[in-house]
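Keep the structure open while you read.

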Amino acid sequence: MASASPFYDFKPLDKKGNEKPLSDYKGKVVLIVNTASKCGFTPQYAGLEKVYKDIKAKYPEDFEILGFPCNQFGSQEPGSDDDIQSFCQLNYGVSFPIMGKTNVNGDQANPLYEWLKAEQPGLLGLKMVKWNFEKFLVGRDGKVKGRWASTTKPETLEPTILAELEKKE
């Protein structure tokens, strides 16, 4: 039997500052996105929500999107966790979980993001997140299946996510 993925060992903080064990997502396909409320890519919240609702309609128990607000790129996520939650709900009707504000690069980077970047380096092997709204897809087996740049519209990922959902471990 294959060894368990370290993905399930991480416990990032949720919007209330409580640990959220990623083991809760065992057997699911998870799209992880670093987000910001004041970015040129912020309208991607609408695309993420559409993908979330479309896929949840077909696979209600097997898919999740986790948004990780980050203020490291142009200070484009200056608000508190409560401000961020309100913004996402009021402006985009976001129903997928928005986690606690975190760092994705540097000495204070969230360990989950350190792992994601090591598992799926970016262009030219760079192990850093370049900007807001980079996306990582984690399969049912807890392994990183893909990484996409900020410029990739969430809707274009739907076929890839569905293909991953249709795989059996």
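Strand S4 is mostly covered, with four of its five residues buried. This is a predicted model. S4 spans residues 144-148 and is an edge strand, pairing on one side only.

Its partner is S3. The two strands run antiparallel and are joined by four bridges. S3 and S4 form a hairpin with five residues between the strands. In that hairpin, Gly142 takes a positive phi near 80°.

## The whole sheet

Strands of a sheet pair through backbone hydrogen bonds, either parallel or antiparallel. Here the sheet is open and has four strands, in the order S2-S1-S3-S4, with mixed pairing. The other edge belongs to S2, residues 63-69. From one strand to the next, the twist averages 15°.

Inside the sheet, S1 covers residues 29-35 and pairs with S3 in the antiparallel sense. Four bridges link S1 and S3. Ile32 stands opposite Phe136 of S3.

A helix lies over these strands. H4, residues 158-166, lies across S1, S2, S3 and S4. H4 runs at about 145° to S1.

## Lys135, a buried charge

Strand S3 covers residues 135-138, and Lys135 is in this strand. Which side chain of opposite charge is nearest to Lys135? It is Glu134, 8.4 Å away. Lys135 is buried, yet has no salt bridge.

The Lys135 side chain does reach a backbone oxygen: that of Ala149, at 3.3 Å. Beyond its neighbours within four places in sequence, Lys135 is in contact with residues including Leu31, Ile32 and Val33. Gly146, Arg147 and Trp148 are also among its contacts.

Phe133 is not a glycine, although its phi is positive, at about 70°. Phe133 is found in the loop between helix H3, residues 111-119, and S3. Is Phe133 buried or exposed? Phe133 is buried, with a relative accessible area of 0%.

Ser75 is not a glycine either, and has a positive phi of about 50°. Ser75 lies in the loop that runs between S2 and helix H2, residues 81-92.

Technical notes
Residues numbered from 1 in each chain as written. Heavy atoms only, no water. Buried < 20%, exposed > 50% of the residue type's maximum accessible area, 1.4 Å probe, protein only. Lys, Arg positive; Asp, Glu negative; His and termini not counted. Salt bridge = Lys/Arg side-chain N within 4 Å of Asp/Glu carboxyl O. Polar contact = N/O pair within 3.5 Å; in protein donor to acceptor, adjacent residues only side chain to side chain. Contact = heavy atoms within 4.5 Å. Pairing = 2+ DSSP bridges. Axes fitted to C-alpha atoms, helices over the stretch in contact; angles between N-to-C directions.
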